[in-house]
Amino acid sequence: MTTEVLILDFAALINPPIKGRKITTSFILKEVLNEAEKAIVQARVESGDIEIMDPKSDFLQKASEAAIRTGDFSVLSNPDLSLIAIALELKHKGLNPIILTNDFAIQNVCKFLKIRVKPVGGAKIREQIVWIRICPICRKKYPTDYHGDTCPECGSKLTRKAITKLVPKENNN
Ligand SMILES: [Zn+2]
């Protein structure tokens, strides 16, 4: 039996599973903007509960190539690709990586690469599909309510991406 390693996407980082070895990347950490969440996540990292690992360029390259093959590259951000890359690296080391994510594009690329994926869930939260806008060139993500069709950074036409957002049940009826 190979050792399971859980790789945490943003939603799983905020709501991590209790058991198991947990890893995320500094790209994902940077997505935590809320100060309260930042403090919680930081404490988990400092206590060693969540490990930080950054992808090596050759595995990042392999992840990008796979995403191009599956047609998901234009909707995957650099943080997304970083998760797939470390999963490839851990698999290469003989470990059994499982990415915890609700992102459809990540799931699709992982299926192609035969990397295991599990949805992020929990009793106290429910999922909601939301569309965000993403720049296919500089990979910046913009919220659904962003006004405009073009990226203010580089002027490219934005594409849409479905993501699942975790919302507390209490807030929904
Ligand atoms: Zn752009």
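Predicted model: local features only at pLDDT ≥ 70, side-chain atom pairs only at ≥ 80, totals over all residues.
Local features need pLDDT of at least 70, side-chain atom pairs count only at pLDDT 80 or more, and totals for chains, interfaces and linings use all residues. Residues are numbered from 1 along each chain as its sequence is written.

Consider the strands to begin with (DSSP runs of E, at least two residues, numbered from the N terminus). Strand β1 (residues 4-8) pairs with strand β4 (residues 96-100) in the parallel sense over five bridges; pairing requires that DSSP finds at least two bridges between the strands. Within this pair, L8 has L100 of β4 as its bridge partner. Strand β4 also pairs in the parallel sense with strand β5 (residues 116-118), over three bridges, and here V117 of β5 is the bridge partner of I99. From β4 the chain passes through α6 to reach β5, a right-handed β-α-β crossover (with the strands pointing away from the viewer, the path from the first strand over the helix to the second runs clockwise).

Helix α6 (residues 104-113) also meets helix α5 (residues 78-92): their axes come within 10 Å and cross at roughly 25°. Helices are DSSP runs of H or I, at least four residues, and axes are lines fitted to C-alpha atoms over the stretch in contact, with angles from 0 to 180 degrees between N-to-C directions. The crossing angle makes α5 roughly parallel to α6, a label for angles under 35 degrees. On the α5 side, the contact (C-beta atoms, placed from the backbone, within 7 Å) is made by D80, L83, I84 and L88, and on the α6 side by A105, I106, V109, C110 and L113.

Terms used
Parallel < 35°, antiparallel > 145°, perpendicular 65-115°, else oblique. Contact = placed C-beta atoms within 7 Å.
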